[in-house]
Amino acid sequence: MKKKQILFLTQGALIAALYVVLTLFINAFGLANGAIQIRISEALTILPFFTPAAIPGLAIGCLLANILTGAVVWDVIFGTLATLLGAVGTYLLRKYKWCAALPPILSNAIIIPVILRYAYGVQDALWFLVLTVGAGEVLSAGVLGMILLFALQRYKHIIFKN
């Protein structure tokens, strides 16, 4: 295996592990799933700004976190897809630093409310779920994610070597 491939796999695996650990931590407070969720692990969805290895890392991390937190199969599938789409979107917008958090915010605010409504039977109005999930994602990916982006930017040449 080439050095570049090993680095890619290692970065992806570390990001997946971080996503799982952060989700399990916030799940202890009941904030990882549900109509009101502040999944702090979603702050990591800005990492494709630095490395494409974050894309599979985030998807695998979300998949594992959803399984470990007892999500229903539709949440495991489509919740993971929401994170994957957000990560791909962040990677595609990596030239626009201030847009890095928009794809995960939008993908989760659109997909997760549908999962909550139809897979979990949450009776709140769909528009309300879009607002609550969107607000949680703004806090996680928008605020925490952008803080993380600016904190890591100084060290990107060390942490995210190509």
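**Close-up views**

**Thr 45 lies in the loop between H1 and H2.** Helices are DSSP runs (H or I, at least four residues), numbered from the N terminus. The model is predicted: local features need pLDDT of at least 70, side-chain atom pairs count only at pLDDT 80 or more, and totals for chains, interfaces and linings use all residues. Residues are numbered from 1 along each chain as its sequence is written, and side-chain values use heavy atoms, with hydrogens and water left out. Thr 45 counts as buried because its relative accessible area is 0%. Buried means under 20% relative accessible area, exposed over 50%, and partly exposed in between (1.4 Å probe, protein chains only). The side chain of Thr 45 reaches the backbone oxygen of Glu 42 at 2.6 Å. Leaving aside neighbours within four places in sequence, Thr 45 is in contact with Leu 58, Thr 83, Thr 90, Pro 104 and Ala 141. Contact means heavy atoms within 4.5 Å.

**Thr 51 also sits in the loop between H1 and H2.** Thr 51 is buried because its relative accessibility is 3%. Its side chain makes a polar contact with the side chain of Gln 11, at 3.1 Å. A polar contact is a pair of N or O atoms within 3.5 Å; within protein, one must be able to donate a hydrogen and the other to accept it, and residues adjacent in sequence count only if both atoms are side-chain atoms. Gln 11 is one of the buried residues of H1. Setting aside neighbours within four places in sequence, Thr 51 is in contact with Gln 11, Ile 15 and Phe 160.

**Helix H1 and its buried residues.** H1 has 25 residues. From first C-alpha to last it reaches 36 Å, close to the 36 Å expected at 1.5 Å a residue. The expected span of a helix is 1.5 Å times one less than its number of residues. Gln 11, Gly 12, Ile 15, Ala 16, Tyr 19, Val 20, Thr 23 and Ile 26 are the buried residues of H1. What do they pack against? Their partners are H2, H3 and helix H6 (156-159).

**Tyr 19 and Leu 18, two residues of H1.** Tyr 19 counts as buried because its relative accessible area is 0%. Its side chain makes a polar contact with the side chain of Arg 39, at 3.3 Å. Not counting residues up to four places away in sequence, Tyr 19 touches Arg 39, Ser 41, Glu 42, Leu 44, Leu 58, Gly 61, Cys 62, Ala 65 and Thr 83. Tyr 19 and Ala 43 are 24 residues apart along the chain, and their C-alpha atoms are separated by 9.0 Å. Leu 18 is partly exposed because its relative accessibility is 45%. The C-alpha atoms of Leu 18 and Pro 104, 86 residues apart along the chain, are 17 Å from each other.

**Ala 59 in helix H2.** Is Ala 59 buried or exposed? With a relative accessible area of 11%, Ala 59 is buried. Apart from neighbours within four places in sequence, Ala 59 is in contact with Thr 80 and Leu 84. From Ala 59 to Thr 69 is 10 residues in sequence and 15 Å in space, C-alpha to C-alpha.

**The buried residues of helix H3.** H3 (residues 73-92) has 20 residues. It reaches 28 Å from its first C-alpha to its last, close to the 28 Å expected at 1.5 Å a residue. Buried here are Asp 75, Val 76, Gly 79, Thr 80, Ala 82, Thr 83, Gly 86, Ala 87, Gly 89 and Thr 90. These residues pack against helix H1 (3-27), helix H2 (54-68) and helix H4 (102-118).

**A nonpolar surface patch.** Which residues make this patch of about 790 Å²? They are Val 73, Trp 74, Ile 77, Phe 78, Leu 81, Leu 84, Leu 85, Val 88 and Leu 92. Patches are made of residues with over 30% relative accessible area and no salt bridge; like charges are joined within 9 Å, and nonpolar side chains (Val, Leu, Ile, Met, Phe, Trp, Tyr) within 5 Å. A salt bridge is a side-chain nitrogen of Lys or Arg within 4 Å of a carboxyl oxygen of Asp or Glu. Accessible areas come from the Shrake-Rupley method with a 1.4 Å probe; for residues, only the protein chains shown count as cover. Leu 81 lies in H3 and is partly exposed, at 34% relative accessibility. Leu 92 is also found in H3. Leu 92 counts as exposed because its relative accessible area is 60%. The C-alpha atoms of Leu 92 and Pro 48, 44 residues apart along the chain, are separated by 8.6 Å.
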